[in-house]
Each structure stands twice: as C-alpha cells, then as structure tokens.
Amino acid sequence: MIRIGICEDEPVFLERLKKMVSAILDKYPMAYSIEAFTDGTPLLARGAFDILLLDIEMQPCNGIALARKLRERHEEGRIIFITAYEQYAVEAYDVQPFHYLLKPVEERRLEEVLAKAYDSLKKEAEQAIAVRQGGAVRRIPFRDVLYLEVLDRKVYLHTGKEVISFYGKLGDLEHNLLNISSPPISIHCRTYFFRCHRSYVVNLCHVLSYDKRDVRLDNGESIPLSKRRHQVFGKAFLRYLKERGDVFCV
C-alpha cells in the first residue's frame with residue numbers, strides 16, 4: 001500500500017490535485033491511499049507517508065518548514081514540492097525534495113514524477129528494512145544491519161551504532177529477508193540474511209567466523225548458532241563468500 005499525502009491551502013486546487021493523482025494511479029496495478037490536508041498541522045499528526053505533495057506557499061507553516069519537521073522525525077517519504085515560483089530550490093535543498101512541480105500542474109508532468117517516485121520506492125524497498133516506530137517510518141539499509149533478535153513480541157534490530165526496537169515477529173520478516181536457497185538479496189549491497197537461531201537473523205556480510213555454538217561478527221559481538229542449523233549455516237556462508245567474489249575460499 002502506497003500512502004500519499006497532499007497538502008495545499010487552496011481547497012479548489014487541493015481537490016483538483018487529489019482527483020488528478022487518483023486518476024493517474026488508477027492506471028497502475030498498485031494499492032494506494034490518499035489523504036488531503038489544507039494545512040500542515042493535521043498532516044504532522046498522521047503516520048508517515050510514502051509520497052508527499054506539498055504546496056510551498058502555505059500559511060502559517062509553509063511547505064519547506066513542514067518538510068523540515070518531517071525530516072527531523074526521520075521520515076523519508078518522497079517530497080514533491082508544488083509552487084508557482086522557481087526560487088525556492090536552494091532553500092529547500094536540505095530537506096531533500098524528490099522533485100518540483102510548477103503551477104498550474106499538468107497531468108502529464110504529474111504522472112511522470114509520480115511514476116519516478118514509485119520506481120524509487122520500489123528500488124529502495126528492495127535494499128532496506130522499513131521500521132515503523134510510532135507515527136514515523138525509518139529506513140535501515142541492509143548493509144547497516146548486523147543482526148535481528150526477537151524477545152517476546154519485540155524485534156531488536158542491531159546496527160553498529162544503535163539498537164532499534166519494534167513490535168513484530170521474525171517469521172514476518174523472513175519473506176523479505178530470508179531465502180536460503182537463493183543468491184544474496186542484493187549483490188550490489190552484498191548482504192545475505194540467515195536465520196542462525198530461532199531468535200536471531202544475521203547478516204552474513206558482517207560475519208567473521210563461526211563454530212558449533214556461536215557466530216562472531218565484525219563488531220566484536222557473538223550471537224548463538226543453533227546446533228540443528230550449524231551445517232546449513234556453514235553451506236550458506238560458504239556460498240555467500242563465493243558469490244561475493246572478493247574472498248578466496250579454499
């Protein structure tokens with residue numbers, strides 16, 4: 001489901017823009033939802049959006065200020081600014097806008113930008129884990145993930161800098177992360193996840209060594225390796241090293 005937010009303080013133009021977006025997305029085989037706002041306050045109270053169309057010249061909080069608040073909350077949705085003027089490009093640079101559309105918005109041009117934003121989201125989803133924390137969604141690149149650990153109903157995602165917790169089950173992550181019989185999820189990112197224990201999923205690109213009981217990582221940590229998974233883990237790790245291409249296996 002692609003979540004789209006539109007914020008425009010002119011109700012007539014807001015409704016027109018909403019209809020245009022809906023008509024465009026109906027051409028594609030994707031599930032989507034659209035929420036429309038006439039100012040940024042209620043938008044900030046909602047959950048994170050995948051794509052945001054923001055009018056820059058809004059009052060009392062303009063589109064750039066609104067985008068800055070979203071970025072401060074670590075929301076990484078694609079922000080498309082809508083404006084009647086071109087001079088805002090430099091001012092908006094630090095909020096990492098995806099694109100600008102000049103008023104009056106042409107449907108053909110809007111479709112081109114939305115298609116690019118959707119393609120960008122698809123590619124990013126293939127190379128990262130999206131973690132929802134409250135109303136915000138954080139994108140954690142695969143390469144930054146050392147391992148995931150489950151305790152009770154919470155999953156703890158370990159990176160080299162922090163531990164990020166969220167509610168979930170490792171089983172729910174397996175569809176996206178684990179495919180033991182396949183090549184690495186992303187050869188470009190050189191990541192390959194393996195469930196080495198019923199409570200642990202490890203990123204093989206951070207594995208230094210292993211024995212019958214533990215997997216040792218490049219940050220100095222060790223995590224459990226279950227006895228029944230030891231043999232298949234060894235095969236998966238060896239296959240990963242060979243596919244990686246920059247390690248000579250003997």
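Predicted model: local features only at pLDDT ≥ 70, side-chain atom pairs only at ≥ 80, totals over all residues.
Hi everyone, let me start with a pair of strands: β1, residues 2-7, runs alongside β2 in the parallel sense, and six bridges join them. As for terms, two strands pair if DSSP finds at least two bridges between them. Helices (H or I, at least four residues) and strands (E, at least two) are DSSP runs, numbered from the N terminus.

Residues are numbered from 1 along each chain as its sequence is written, and side-chain values use heavy atoms, with hydrogens and water left out.

Back to the sheet. β1 and β2 belong to an open sheet of five strands, ordered β2-β1-β3-β4-β5, with parallel pairing. Which strands stand at the edges? They are β2 (32-37) and β5 (99-102); each has a single partner strand, so one side of each lacks a neighbour in the sheet. On average, neighbouring strands here are turned by 15° against each other, direction ignored. For angles, axes are lines fitted to C-alpha atoms, for helices over the stretch in contact, and values run from 0 to 180 degrees between N-to-C directions.

Now the helices. α1, residues 11-25, lies across β1, β2, β3 (51-55) and β4 (78-83), and runs at about 170° to β2. Contact, by the way, means heavy atoms within 4.5 Å.

Helix α3 covers residues 63-72, and its buried residues are Gly63, Ile64, Leu66, Ala67, Leu70 and Arg71. Why do they sit on the same side of α3? Because they cover an arc of only 160° around the axis, taken from the directions from the helix axis to the C-beta atoms. Buried means under 20% relative accessible area, exposed over 50%, and partly exposed in between, with a 1.4 Å probe and protein chains only. The buried residues of α3 pack against β1, α2 (40-44), β3 and β4. Just after α3, His74 has a positive phi of about 65°.

Lys154 has Tyr167 in β10 as its bridge partner, and three residues lie between β9 and β10 in their hairpin.

What about the cysteines? Searching the whole structure gives zero disulfides, a disulfide being a pair of cysteine sulfur atoms within 2.5 Å. For Cys7, the closest cysteine sulfur is in Cys61, 8.3 Å away and too far for a bond. Cys7 is buried, at a relative accessible area of 1%, and Cys196 is buried too, at 0%.

To finish, His230 is in helix α6, residues 230-244. Its C-alpha lies 7.6 Å from that of Cys196, although they are 34 residues apart along the chain. His230 counts as partly exposed, with 23% relative accessibility. Leaving out residues up to four places away in sequence, His230 touches Tyr210, Asp211, Lys212 and Leu225.
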